[in-house]
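Hello,

Here is the structure we talked about handing over. Please open it first, then read the notes below.

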Amino acid sequence: AVMALPVGARAAQADTMTVTGAITAHNACSLSLSNSGAINYGIIAANTMSPGTTVLPDKLVQVSVACTGATYFALMLVDMRQGQEQLTRRFDFARDRNGQRIGFYQMTTINSATVNGASGYVVAWSNSGMEASPGCCWTTRTEPWGTSDLNDLRGFNQGGNNLTPVTSAQFDVRVQAFIEAPNTSWTLDGAQPLDGLFIMDLYYL
């Protein structure tokens, strides 16, 4: 049987459907973060902090990348909050309702990694000012990761100074947060959230 909706009649209920995807010239890679990328410091009592900088306990984020075939790529961080200080590799928390700084956090890669199921390394692009390429100038680095900086990409290898084409990689990022308490007491109207947000972007080479 065929049912027809008379012209001019109106459906009682409707919904929409979206169709999305992406076409790439590269093998497809997917990126995932532990705990869906959520880093939670919980409740911090203001009276436990002295004027100056309070260092919060380190947190580790596990990062996994899976590709449909061996692929050259690197990772870049992008700070999504205003006031980031790229030269000092700091990611700012959003300021409070009075425009006062809350603090910042830094991210440092753990250099050891699992690459294609074997031991490997997280390496950084070290030829500042040149466009990154897989064949040269990748070294381990201990300073924090910068933001929105194509000269501070992270990739993977299993030795040497070139990149390894990756089908899978797993590594850890250490997150260190710092609260910058003012010299006078904070006037808190309820809880003041720590509001940091960044994107880890996969950049095909």
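Where is the place of asparagine 116? Asparagine 116 sits in the loop between E7 and strand E8 (118-125). Keep in mind throughout that this is a predicted model.

Backbone first. Asparagine 116 is not a glycine, yet has a positive phi of about 55°. Its relative accessible area is 29%, so asparagine 116 is partly exposed. Serine 36 also shows a positive phi of about 55°, and serine 36 is not a glycine either. Look for serine 36 in the loop between E1 and strand E2 (52-55). Serine 36 counts as exposed, because its relative accessibility is 77%.

Next, the disulfides. How many disulfides does a search of the whole structure find? The search finds two. Number the bonded cysteines in sequence order and the pairing reads 1-2, 3-4.

Cysteine 29 belongs to strand E1 (residues 29-33) and cysteine 67 to strand E3 (residues 59-71), so the bond ties together parts that are 38 residues apart in sequence. Are these two cysteines buried or exposed? Cysteine 29 has 16% relative accessibility and therefore counts as buried. Cysteine 67 has 12%, so cysteine 67 counts as buried too.

The other disulfide joins cysteine 136 and cysteine 137, with the sulfur atoms 2.3 Å apart. The link of cysteine 136 and cysteine 137 is right-handed, with 50° about the S-S bond. Cysteine 136 counts as partly exposed, because its relative accessibility is 32%. Cysteine 137 is at 16% and so counts as buried.

Which residues have the most contacts inside the largest nonpolar core? They are Phe73, Leu75, Tyr105, Met107, Phe156, Phe171 and Met200, in a core of 31 residues. The elements that give two or more residues to this core are E3, E4, strand E6 (103-109), strand E7 (112-115), strand E11 (166-181) and strand E12 (198-204). E11 gives the most, with seven residues.

Phenylalanine 156 is worth a click. Leave out residues up to four places away in sequence, and phenylalanine 156 touches Phe73, Leu75, Ala113, Val115, Tyr121, Val122, Val123, Leu163, Thr164, Val166, Ala169 and Phe171. Among these, Phe73, Leu75 and Phe171 are also on the list of residues with the most contacts inside the core.

There is a second, separate core of nine residues. Its members include Met76, Trp125, Ala132 and Trp138.

Last, the surface. Which residues make the nonpolar surface patch of about 240 Å²? Met80, Leu197 and Ile199 make the patch. Methionine 80 lies in the loop between strand E4 (73-79) and strand E5 (91-92). Methionine 80 counts as partly exposed, because its relative accessibility is 39%.

- Positive phi: serine 36 and asparagine 116.
- Largest nonpolar core: 31 residues, including Phe156.
- Nonpolar surface patch: Met80, Leu197 and Ile199.

Best wishes

Key: Residues numbered from 1 in each chain as written. Predicted model: local features only at pLDDT ≥ 70, side-chain atom pairs only at ≥ 80, totals over all residues. Heavy atoms only, no water. Disulfide = S-S within 2.5 Å. Helix = DSSP H or I, 4+ residues; strand = E, 2+ residues; numbered from the N terminus. Buried < 20%, exposed > 50% of the residue type's maximum accessible area, 1.4 Å probe, protein only. Patch = residues over 30% accessible without salt bridge, like charges linked within 9 Å, V, L, I, M, F, W, Y side chains within 5 Å. Areas by Shrake-Rupley, 256 points an atom, 1.4 Å probe, with all protein chains shown as cover. Salt bridge = Lys/Arg side-chain N within 4 Å of Asp/Glu carboxyl O. Core = buried A, V, L, I, M, F, W, Y, C linked by side-chain atoms within 4.5 Å. Contact = heavy atoms within 4.5 Å.
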